[in-house]
Amino acid sequence: MPTLTSQNNMYDYIICGGGMSGLSLVYQLSKSSLSKKNILIIDHERKTKNDRTWAFWEKIDNPFDEILFKKWDKVKIVDTLKLEKTYDLGEYKYKLLKGIDFYDFVNKHLDDFPNISFYLDTIDSISEHTDNVTVITKNKTKFEAEYVFDSTHQLDLKNSNNHNFLQHFKGLVIETKENTFEQDIPEMMNFGIPQKVAECRFMYVLPFSKNTAILEFTVFSENLLSEKEYDQSLFDYIKNELKITDYRVIEEEFGVIPMSDTEITEYPSKRIIRIGTSGGYTNPATGYTFSNTQKKLKKIVESLEKQHIDLLKTSIWQKRHNLYASTLLNVIQENRHSMAEVFDQLFSKNHISLVFKFLDGETNFREELKIMWSTPKVKFGMAFFAIILKKLKNAFL
Ligand SMILES: Cc1cc2nc3c(=O)[nH]c(=O)nc-3n(C[C@H](O)[C@H](O)[C@H](O)COP(=O)(O)OP(=O)(O)OC[C@H]3O[C@@H](n4cnc5c(N)ncnc54)[C@H](O)[C@@H]3O)c2cc1C
């Protein structure tokens, strides 16, 4: 993809942020009937490092299936009592994609599109006018487009009316001397590690081969830990649970994903569309974003093809899934029940594919009742009513 040098400042589409959602959108556009549109991507950096690894479940094919690093039919979940259970995923697959493979793949693909350019700068402002949108960058360059897709907008995570949790994690890719890992069965979640009040902690181990794996220590809580605490948990797990002593660390990853029920404005105006985490594509209850992004962007591209972009808004009925996520966050925040135990119950009392479907917001109401029945009902009921009460108060006071 050429870096913009000449001052052609009019575009059909500008994509603000060339990270996961921005590059996914431009890739999907390039595969559609809109592939000839003039598109500009603006980002203050070019992605050249393996800054993240995406794990996600999916039933359908994904535009990036051909570059997946791993794909599994089964996963293992370890509960709070350290009981292991292996689940056959049925129609679903658990997939792993390395950030650098994704960035390189999309960038190479875009080399064949002279109509798609990249501009390296920080975005200062995005504003809509009668029939176009203006984007101004830090060095005062002004661009215009018919539509702007924005993945740079920061969510408001300070509003005390919301539950503002963070999913924070440190990961290590380790290589062991001996063959240690079961290549075919990733440990998707292990809740059998020390838990703390008003938090949820788990470890996961995704094997790349018999002697290489990524291990990730993950916490859902309001505040980050000290660096020492992440390291201590990882090294304790390697030594005491995996019983590995001879290994070396090849790569490290650290990340923070918002888990918040803050109000998301996906369409701040007619021609500005927020995408990725900015557009609310991150599941507030799990932090998973990748797969949902591909599904949402597919719908956006289809609507653009039909020029029906205004029909994309999430219906009120579909928004009930946000209410479920808020309930879960409230249970953690108010320490109503151990969240690790809630996950134990969700997975042990329901088929795993139903849990995935529920977390993807694709269940029908009957299936949702079944899921709700498998949680600590009184405590979830209390959390649910606390949220409804708060919403009513905010609406009328
Ligand atoms: C380490 C890590 C691991 C993750 N693992 C998973 C996972 O396993 N599964 C999953 O589903 N999700 C995962 N996520 C969550 C989510 O998938 C990623 O955060 C994903 O990258 C979000 O895509 P995005 O496009 O919204 O944001 P980003 O990919 O962060 O893209 C935003 C882009 O905007 C640019 N930008 C921001 N502000 C400006 C500005 N003012 N001007 C110019 N450019 C700007 C940034 O440089 C960036 O390139 C992970 C996140 C992290 C951080």
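Modeller: What follows is a set of questions about the terms used for this model, each answered from its definition.

Modeller: This is a predicted model, in which local features need pLDDT of at least 70 and side-chain atom pairs count only at pLDDT 80 or more, while totals for chains, interfaces and linings use all residues. Residues are numbered from 1 along each chain as its sequence is written.

Biologist: How many helices and strands does the protein have, and what makes a stretch count as one?

Modeller: The protein has nine helices and 17 strands. They are DSSP runs, numbered from the N terminus, where a helix is H or I over at least four residues and a strand is E over at least two.

Biologist: Why is the protein called as compact as a globular protein of its length?

Modeller: The radius of gyration, taken over C-alpha atoms, is set against the globule rule, which is 2.2 Å times the number of residues to the power 0.38. For 397 residues the rule gives 21 Å, and the protein has 22 Å, which is close, so the protein is as compact as a globular protein of that length.

Biologist: Why is V26 called buried?

Modeller: A residue is buried if 20 or more other C-beta atoms, placed from the backbone, lie within 10 Å of its own, exposed if 12 or fewer, and partly exposed in between. V26, which is found in helix 1, has 26 other C-beta atoms within 10 Å, and is therefore buried.

Biologist: Which residues does V26 touch, leaving out those up to four places away in sequence?

Modeller: Two residues are in contact if their C-beta atoms lie within 7 Å, and on that basis V26 touches I15, I39, I41, L110 and I116. The C-alpha atoms of V26 and I116 are separated by 8.4 Å, although the two residues are 90 apart along the chain.

Biologist: What makes helix 7 mostly covered?

Modeller: Six of the eight residues of helix 7, which runs over residues 352-359, are buried, namely I352, V355, F356, K357, F358 and L359. Their cover includes strand 3, strand 6, helix 6 and helix 8.

Biologist: Which residues come nearest the ligand, and how do you know that a residue belongs around it?

Modeller: A residue is near a molecule if its C-beta atom lies within 6 Å of it. Of the 27 residues around the ligand, G17, G19, S21, G255 and G276 come nearest. Helix 1 and strands 2, 3 and 16 each supply at least two residues of this shell.
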